[in-house]
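Subject: Structure handover

Hello,

My notes on it follow below.

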Amino acid sequence: MSRLFEPASLGDLRLPNRLVMAPMTRNRAAADGVPQPIMATYYAQRASAGLIIAEASTPNAVGQTYPNITAIHDRAHVAGWRQVTDAVRAAGGRMFLQLQHGGRVGHPDNSGLAPVAPSPVPLPDTIFTPSGHQPAVVPREMTIDEIHATVADFAAAARNAVDAGFAGVEVHGANGYLIHQFLAGGTNHRTDAYGGSVAGRIRFAVEVVKAVADAVGPERVGLRIAPGLTVNGIEEGDTGDIYRALLDALADVGLAYLHVVFADPGQPLFHDLRRRWQGTLIANPMLPWPGPLPADGGRREGERLLAAGADLISLGRAFLANPDLVERLRTGAPLNPVRDTGLMYVGGESGYTDYPTLDAVARAETLAPAAA
Ligand SMILES: Cc1cc2nc3c(=O)[nH]c(=O)nc-3n(C[C@H](O)[C@H](O)[C@H](O)COP(=O)(O)O)c2cc1C
């Protein structure tokens, strides 16, 4: 049997398999970031994942990236998420929440506030707003006090997530958002303790992770990183040095896991990070992006990564389109393809809760002759 279907431990959790649903922003929250009942349906449908990492949620108002993304900084957000975690638990699942501050990936029309970042370097791109794509604005450079307050906001958001019933949180240090902006030389031009050398540029990430671990316990905290990824205009410069230093600085914290985006077992850096990281490593395979996905949804690449030392494998789009992905991969059943990428980031059931399970397809086929 493939190791993908073997059970695993993660902190205090027992995972029935090694398949993790990767965090995916789906923009189905209310305008104020409160999760909606349709989200409970969507996540509960996917409860057979070994672990679900729920979508990027902002720890404070200024960290909001796009319209209708989820938040986790006030009681209404906690109450909304509680409905989601209750539904997932009732369906037998386990769930972490990703914490994401957008930094310069934000717009006053989305958050009501001017975006902040390590340095006033704008996103070299347009950004989606309720009135369509607009040029990015120049972010305001964060003061030292704002940096400290943001670290505290991450910690408070983690406490909120646990209050909302999540088993833990994932700190989003990947994909060009605030923490990644601090790590990368292209977006961090600071000359104070939070910039300059690699030791300075990793400081914010280390402080956030340690504050979150202090708040809810390190066994409830994961960190997502994307070494070398240039999404959202990121230019790291010294990729290997950044991530080696970051992992060394976090080695003794006792985190639940490290989650590596677009992990490639053909790259020496992957093996270097694996050697340095004593804890659980979740690898998100390098699959064609933007697509189309391979017919096996990433299973073969996942197995290569397990053989190269990963402990768990996260898949995004295959889970998006297949609520019963684990069963389909276990049995070799065909996968639903992603129907329409235009439905990924818009409201409503279409392309969200209406992907059929194998059981639903079988029921429809049984009923079809009678109806004909
Ligand atoms: C619709 C969509 C939304 C995403 N949102 C997030 C997010 O909120 N946080 C994050 O870290 N990555 C996000 N990602 C990236 C995924 O977590 C994952 O890394 C990516 O889809 C590659 O995995 P895959 O090839 O299995 O889809 C998103 C991807 C998709 C398709």
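For the classes used here, Ala, Val, Leu, Ile, Met, Phe, Trp, Tyr, Cys and Pro are nonpolar, Asp, Glu, Lys and Arg are charged, and the others, Gly among them, are polar. This is a predicted model, where local features need pLDDT of at least 70, side-chain atom pairs count only at pLDDT 80 or more, and totals for chains, interfaces and linings use all residues. Residues are numbered from 1 along each chain as its sequence is written.

**Ligand shell**

The shell around the ligand holds 10 nonpolar, 7 polar and 3 charged residues. In total, 20 residues surround the ligand. A22, T25, A56, G316 and R317 are the closest. To be near, a residue needs its C-beta atom, placed from the backbone, within 6 Å of the molecule or strand. β4 (51–58) and α11 (317–321) supply at least two shell residues each. Helices (H or I, at least four residues) and strands (E, at least two) are DSSP runs, numbered from the N terminus.

**Core**

Buried means 20 or more other C-beta atoms within 10 Å of the residue's own; exposed means 12 or fewer, and partly exposed lies in between, with C-beta atoms placed from the backbone. A nonpolar core is a set of buried Ala, Val, Leu, Ile, Met, Phe, Trp, Tyr and Cys residues joined through C-beta atoms within 7 Å. The largest one here has 100 residues. V20, Y43, A158, V169, V171 and V212 have the most contacts inside it. Helix α7 (residues 203–216) gives this core its largest share, 9 residues.

Contact means C-beta atoms, placed from the backbone, within 7 Å. Beyond its neighbours within four places in sequence, V169 touches F96, L97, L99, A158, A161, V212, V216, R220 and V221.

Helix α1 (residues 37–45) has M39, A40, Y42, Y43, A44 and Q45 buried. Their cover includes β4, α2 (75–90) and β6 (95–99).

**Helix pair α4 and α7**

How do α4 and α7 cross, and at roughly what angle? The axes of α4 (residues 144–163) and α7 come within 8 Å and cross at roughly 35°. Axes are lines fitted to C-alpha atoms, for helices over the stretch in contact, and angles run from 0 to 180 degrees between N-to-C directions. On the α4 side, the contact residues are I147, V151, A152, F154, A155, A158, R159 and V162. On the α7 side, they are F204, E207, V208, A211, V212, D214, A215 and V216. This contact has 13 nonpolar, no polar and 3 charged residues.

**Single residues**

L223 sits in strand β12 (residues 221–225). L223 is buried because it has 28 C-beta neighbours inside 10 Å. Leaving aside neighbours within four places in sequence, L223 contacts V171, G173, V209, L255, L258 and H259.

Y355 lies in the loop between α12 (325–331) and α13 (358–371). Y355 has 22 C-beta neighbours inside 10 Å, so it counts as buried.

**Backbone checks**

Two peptide bonds are worth a look. W289 to P290 is cis, with omega near 10°. G291 to P292 is also cis, with omega about -5°. P290 is in the loop between β14 (280–285) and α10 (299–307).

N175 is not a glycine, yet its phi is positive, about 60°. N232, also a residue other than glycine, has a positive phi near 60°. N232 is buried, with 24 other C-beta atoms within 10 Å.

Best wishes

Conventions
Two residues are in contact if their C-beta atoms, placed from the backbone, lie within 7 Å.
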